[in-house]
Amino acid sequence: EAGLAAYRALVSLGHRLIAFFVREGHEHLHPNALPMVRFSSLREALREADQPEGGANIFQASPASALDPVRELINSQAAPTAYIAGTHLLAPSLLIALYDQGVSIPDDVSFLSFGDSPWAIAHRPPLSVVRHDYYAEAKGLMERLIARIEGCDSVPSPCSQLSEFVQRGSLGPPPR
């Protein structure tokens with residue numbers, strides 16, 4: 001739901017050509033892999049807005065190899081107006097590649113990342129993110145495990161909202 005909220009924000013700003021980056025490796029492209037679930041939600045947001053799903057495309061990169069695909073995209077006829085780092089591990093490389101091409105965020109393109117960090121807040125503009133509360137998830141899992149080990153009649157239910165969309169300064173409307 002948090003990812004879908006982020007995508008809806010992008011689409012509501014007018015973005016129709018969106019580049020979604022995942023780490024290199026075929027395992028990341030398996031339909032049940034988290035990056036593909038996230039990508040499916042992006043296409044769902046486009047469908048909800050009566051926009052063609054084909055406006056969202058998936059690309060593979062490693063933290064060391066983001067420059068070439070970004071350069072090709074920036075110089076293409078149908079250059080994306082929004083870039084999504086499907087994992088926080090790719091965000092710095094994608095940002096470097098965008099800045100290397102003279103792109104300004106959010107004036108030229110919008111940028112969204114999965115995963116939050118202090119550098120995402122320190123970046124200018126601060127990056128919009130979908131963050132996941134791993135601490136709360138781990139705490140909840142441990143509480144459930146301990147309750148089961150102790151034979152408690154009532155096992156705590158899992159946390160329902162572990163992720164949230166945090167909109168900061170890296171999202172804006174596409175350039176005209």
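This briefing describes the nonpolar cores and the helix packing of the structure above.

The model is predicted: local features need pLDDT of at least 70, side-chain atom pairs count only at pLDDT 80 or more, and totals for chains, interfaces and linings use all residues. Residues are numbered from 1 along each chain as its sequence is written, and side-chain values use heavy atoms, with hydrogens and water left out. Helices (H or I, at least four residues) and strands (E, at least two) are DSSP runs, numbered from the N terminus.

**Nonpolar cores**

- The largest nonpolar core has 23 residues; such a core is a set of buried Ala, Val, Leu, Ile, Met, Phe, Trp, Tyr and Cys residues joined through side-chain atoms within 4.5 Å.
- Tyr7, Phe20, Leu42, Ile84, Leu112, Val130 and Phe165 touch the most other members of this core.
- At least two core residues each come from helix H1 (2-12), strand S1 (18-23), helix H2 (34-48), strand S3 (82-85) and strand S4 (110-114).
- H1 supplies the largest share, seven residues.
- A second, separate core of 22 residues includes Tyr83, Leu90, Phe111 and Val166.

**Helix H1**

- Eight of the eleven residues of H1 are buried, meaning under 20% relative accessible area, where exposed is over 50% and partly exposed lies in between (1.4 Å probe, protein chains only).
- These buried residues are Ala2, Gly3, Leu4, Ala6, Tyr7, Ala9, Leu10 and Val11.
- They pack against S1, H2, S3, S4, strand S5 (128-132) and strand S6 (163-166), with contact defined as heavy atoms within 4.5 Å.
- Leaving aside residues up to four places away in sequence, Tyr7 touches Phe20, Arg38, Phe39, Ser41, Leu42, Ala45, Ile84, Leu112 and Phe114.

**Packing of H1 and H2**

- The axes of H1 and H2 are 9 Å apart, at an angle of about 45°; axes are lines fitted to C-alpha atoms, for helices over the stretch in contact, and angles run from 0 to 180 degrees between N-to-C directions.
- H1 and H2 are therefore oblique to each other, since angles under 35 degrees count as roughly parallel, over 145 as roughly antiparallel, 65 to 115 as roughly perpendicular and the rest as oblique.
- On the H1 side, Leu4, Tyr7, Arg8 and Val11 meet H2 residues including Arg38, Leu42 and Glu48.

**Helix H3**

- Pro69, Val70 and Leu73 are buried in helix H3 (residues 67-74).
- These residues lie on the same side of H3 because they cover an arc of only 100° around the axis, taken from the directions from the helix axis to the C-beta atoms.
- Their cover includes S1, strand S2 (56-61), S3 and helix H4 (91-100).
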